[in-house]
Amino acid sequence: MELIELQPTSNGLKGVIEIPGDKSISHRSVMFGSIAKGVTRVTNFLPGDDCLSTISCFRKLGVVIEENEQELTIYGNGFEGLKEPNELLDVGNSGTTIRLLLGILAGRPFFSSLIGDHSIGKRPMTRVTEPLKMMGAQIDGRKNGEFTPLSIRGGHLNPIHYKMPVASAQVKSALILAGMQAEGETTIIEKAESRDHTERMIRKFGGEIHKDNRTITVKGGQKLIASDILVPGDISSAAFFLVAGALVPDSEIILKNVGLNPSRTGIIEIMNKMGANLEIHQNEADAFEPTGDLTIKTSSLKGTVIEGDVIPRLIDEIPIIALLATQAEGKTIIKDASELKVKETNRIDTVVNELTKLGATIEATEDGMVIHGGSILSGGTVSSHGDHRIGMMLAIASLLCKDQVKLEDPEAISVSYPNFFNHLNSLKN
């Protein structure tokens with residue numbers, strides 16, 4: 001296993017960073033470009049491992065996709081242009097790829113088999129496969145379709161009226177993609193508001209979808225038209241530098257063209273609540289996804305309670321928020337975040353264990369954690385456990401430690417941020 005040595009920083013972090021393209025939007029741009037009619041061009045695409053898995057799967061389904069640096073050209077032929085794959089569809093480490101792809105394949109009249117890596121093999125799929133079976137798709141897999149490998153034979157789908165038991169953008173998106181191929185109108189009722197990139201992208205590609213509070217309706221038989229996509233910077237990736245800039249003394253970091261979709265800005269809301277010295281410069285509101293430049297400076301922070309409806313809007317940022325809270329004044333409590341247990345790792349236990357190794361005072365609870373502020377972080381050997389967001393959080397933690405940090409399995413970070421260490425080092429000079 002690879003191991004890198006990370007040193008604390010004696011200087012402030014200063015500079016400007018162009019955050020890489022949003023992972024969620026990059027995934028969806030490939031999927032929608034593939035099921036639309038015509039040529040879709042995608043700029044600022046994130047060439048991370050997860051998004052490359054999505055490209056690989058759609059190529060196996062017969063879609064021609066050309067890659068040129070951070071630009072993609074996708075030659076779509078509509079839903080009906082997808083072909084039965086001759087080999088396994090390998091999603092790698094990507095939960096977004098497998099769950100959304102199941103929604104697309106549910107309406108296709110052919111057979112497919114999907115696999116992923118060791119981590120994907122432990123992530124629950126019944127939350128997607130059960131409602132898709134109710135619509136008429138034939139799906140099987142380990143534990144009756146709960147775990148990969150999964151097989152699916154799609155075809156004629158009936159619409160569904162479905163109340164979601166979990167707040168999940170992946171499950172919602174899978175059902176929307178299936179509903180677009182069903183005969184009639186599908187209704188999905190969200191448990192809590194989750195990120196709405198799929199709904200925005202349907203409209204961008206000329207489709208129709210209606211939302212009333214947490215009730216979403218989508219008509220079947222829709223045809224999508226190719227559309228060029230400019231992917232904004234990923235706020236989940238920006239979060240690591242927002243926290244670094246807030247915590248490292250004498251810092252000022254500017255993050256350019258960051259996506260500011262309201263369903264994703266929970267991290268900004270919480271940092272402001274804790275007292276962060278954070279400025280937002282909103283860009284022109286002509287894009288299908290709002291963007292802006294963020295300036296973060298060293299901040300004096302106070303602990304808070306994080307719970308309820310904000311949780312789905314910052315679920316991926318909770319590991320780095322936990323680090324932020326170790327340096328705030330007072331106690332921070334995170335609740336209603338049991339969804340973290342079924343991410344790339346059990347992120348509640350992993351965050352608590354790894355930050356404890358560095359000297360933080362933090363306890364796991366059934367649905368979150370309690371973090372005591374004012375921790376002096378010492379250093380030591382820690383591991384990403386193959387989880388990109390844990391790896392980046394620990395790299396940021398190393399900046400604050402008294403001694404060297406050794407990080408095991410840093411290559412996991414390439415899933416969502418291949419240039420992370422280059423960008424981090426550029427701020428130290």
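Ile120 touches Val91, Gly92, Asn93, Ser94, Gly95, Ile98, Met125 and Thr148, leaving out residues up to four places away in sequence; contact means heavy atoms within 4.5 Å. This is a predicted model, in which local features need pLDDT of at least 70, side-chain atom pairs count only at pLDDT 80 or more, and totals for chains, interfaces and linings use all residues. Residues are numbered from 1 along each chain as its sequence is written, and side-chain values use heavy atoms, with hydrogens and water left out.

**The chain as a whole**

- The protein chain has 13 helices and 24 strands; helices (H or I, at least four residues) and strands (E, at least two) are DSSP runs, numbered from the N terminus.
- Its radius of gyration is 21 Å, close to the 22 Å that the globule rule gives for 429 residues, so the chain is as compact as a globular protein of that length. The radius is taken over C-alpha atoms, and the rule is 2.2 Å times the number of residues to the power 0.38.
- Along the principal axes, the C-alpha atoms of the chain fill a box of roughly 60 × 45 × 45 Å.
- Of the 429 residues, 59% are buried, where buried means under 20% relative accessible area, exposed over 50%, and partly exposed in between (1.4 Å probe, protein chains only).
- Among contacts in the chain with a separation of 6 or more, 76% are between residues 24 or more positions apart.

**Ile120**

- Ile120 lies in the loop between strand 7 (111-115) and helix 4 (126-135).
- The residue counts as buried because its relative accessibility is 0%.
- Gly92 is 28 residues from Ile120 in sequence, and the two are 7.5 Å apart in space, C-alpha to C-alpha.

**Helix 6**

- Helix 6 is largely enclosed by the rest of the structure, because 11 of its 11 residues are buried.
- Those buried residues include Ala169, Lys172, Leu175 and Gly179.
- At the start of helix 6, a side-chain oxygen of Ser168 comes to within 3.3 Å of the backbone nitrogen of Gln170.

- In helix 7 (residues 197-204), the buried residues are His197, Thr198, Glu199, Met201 and Ile202.
- The cover over the buried residues of helix 7 includes helix 1 (23-35), helix 6 (169-179) and strand 13 (215-219).
- Gly206 follows helix 7 and has a positive phi, near 85 degrees.
- Arg264 is in the loop between strand 16 (252-259) and helix 9 (266-274), and at 2% relative accessibility Arg264 counts as buried.
- The side chains of Arg264 and His197 make a polar contact (2.7 Å). A polar contact is a pair of N or O atoms within 3.5 Å; within protein, one must be able to donate a hydrogen and the other to accept it, and residues adjacent in sequence count only if both atoms are side-chain atoms.
- Not counting residues up to four places away in sequence, Arg264 touches residues including Asp22, Asp234, Arg313 and Glu317.

**Ser375**

- Ser375 is found in the loop between strand 22 (368-372) and strand 23 (380-383).
- With 8% relative accessibility, Ser375 counts as buried.
- A polar atom of the Ser375 side chain lies 3.4 Å from the backbone oxygen of His372.
- Apart from neighbours within four places in sequence, Ser375 is in contact with Thr326, Gln327, Gly359, Ala360 and Thr361.
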